[in-house]
Amino acid sequence: MGKRPLVRRRGRGGMQFRAASTGKLLPAKYPRFPLAEQHEAKVIDIVHETGRDAPLSKILFESGLQSFIPSVLGTKIGSKLFFGLKAGVSPGNVISVQNIPDGTIVCNVEKHFGDGGAIVKSAGTYATVFSHSAEGVTIKLPSGKFTTLNPQNRAMIGVLAGGGVGDRPFMRAGPAWRRKRSKGHKYPIVRGVAQAVYVHPHGGGRHQHVGRSSTVSRNAPPGRKVGSIAARKTGRSRMKERA
């Protein structure tokens, strides 16, 4: 019996394939306050979390509560942030989308009221408040799609910091491996035909070739289920001219 393919071992969920837990902080969400309350917080530190491109702001509330939230452009130590319906529309403030005017740029948006921010949290991204209606508040996501949210959902004003972090190329394999490791991504990616025959069904031979049909059944066993799974057709498709 050969060695289990890498995709099969990753699917088992071993610790060697998970994102590294060293350097992780608390969940980057703002606390759940009653909608009518107003709160003020002060940025006491800006920190980096392993596996997260956007920097985090460590904030301190007047009650002594501390929390971590993603930083927007222009955030600095000592900045004041305001939470509540009456907060001004300025970068860093957290307001319900029902009180945010159309065309405002927001980030760290709640998908469900009280979750502390679940979407638009990648470095350098932002969403745009598109319209208000009886069904809810429609925002335009970074992907270009539109979604309608509960008017009570909160959002942070501004653009998330850390944009362009992926533009700098990796000059060596070591830093690339460490970055992928911090996010739990598969790296390096090795083609099946370049592997040994006992490691992958496409491996082996005097030269790199599959050596058999690369289309496998949907019901193939886990060790064999690699390649074109239940493909309807393969290769180039040519349109026949109708007479």
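Is Asn108 buried or exposed? Asn108 is buried, at 0% relative accessibility. Buried means under 20% relative accessible area, exposed means over 50%, and partly exposed is in between, using a 1.4 Å probe and protein chains only. Asn108 sits in the loop between S6 and S7. Helices (H or I, at least four residues) and strands (E, at least two) are DSSP runs, numbered from the N terminus.

A word on the model. It is predicted, so local features need pLDDT of at least 70, side-chain atom pairs count only at pLDDT 80 or more, and totals for chains, interfaces and linings use all residues. Residues are numbered from 1 along each chain as its sequence is written, and side-chain values use heavy atoms, with hydrogens and water left out.

Back to the backbone. Most residues other than glycine have a negative phi, and most peptide bonds are trans. Asn108 has a positive phi, near 50°. Ala230 also has a positive phi, near 50°. Ala230 lies in the segment after strand S12 (228-229). Ala230 is partly exposed, at 32% relative accessibility. Then there is a cis peptide bond, from Tyr187 to Pro188, with omega near -5°.

Stay with that bond. Pro188 is in the loop between H2 and S11. Tyr187 is in the loop between helix H2 (173-183) and strand S11 (215-216). Tyr187 is partly exposed, with 32% relative accessibility. What does Tyr187 touch, leaving aside its neighbours within four places in sequence? The contacts are Ala173, Ala176, Trp177 and Lys180. Contact here means heavy atoms within 4.5 Å.

Pro201 lies in the loop between H2 and S11. Pro201 is buried, at 15% relative accessible area. Beyond residues up to four places away in sequence, Pro201 touches Arg212, Gly223, Arg224 and Val226. Pro201 and Gly2 are 199 residues apart in sequence, but 9.0 Å apart in space, C-alpha to C-alpha.

Next, the rings. Rings of Phe, Tyr and Trp (its six-membered ring) pair if their centres lie within 6.5 Å; planes under 30 degrees apart count as stacked, over 60 as edge-to-face, and the rest as tilted. By this rule there are five aromatic pairs. One of them joins Phe33 and Phe61, edge-to-face, at 5.3 Å centre to centre with 75° between the planes. That pair links distant parts of the chain, 28 residues apart: Phe33 is in the loop between helix H1 (6-12) and strand S1 (39-47), and Phe61 is in strand S2 (residues 56-61). Phe33 is buried, at 15%. Phe61 is buried too, at 3%. Ring pairs also tie Tyr30, Phe33, Phe61 and Phe83 into a cluster.

In soluble globular proteins, nonpolar side chains tend to be buried together. The largest nonpolar core here has 28 residues, and Ile59, Phe83, Ile100 and Val106 touch the most other members. S10 gives the most to this core, with three residues. A nonpolar core is a set of buried Ala, Val, Leu, Ile, Met, Phe, Trp, Tyr and Cys residues joined through side-chain atoms within 4.5 Å. Take Ile100. Setting aside neighbours within four places in sequence, Ile100 is in contact with Ile95, Val106, Val129, His132, Ala155 and Ile157.

How many cavities of 30 Å³ or more does the structure hold? There are two. On a 1 Å grid over the protein atoms alone, a cavity is a set of points where a 1.4 Å probe fits but cannot get out, a pocket is an open set with protein on both sides within 12 Å along at least five of seven lines, and lining residues have an atom within 4 Å of a point. Grid points are joined across faces, edges and corners, and a volume is the space filled by probe spheres set on the points.

The largest cavity has a volume of about 80 Å³. Its lining includes Phe33, His39, Phe83 and Arg154. S5 gives the most to that lining, with three residues. The second largest cavity is about 30 Å³. Ser57, Thr75 and Met156 are among the residues lining the second largest cavity.

The largest pocket holds about 230 Å³ of space. It is lined by 15 residues, and Leu6, Lys186, Val190, Gln195 and His200 lie nearest its centre.
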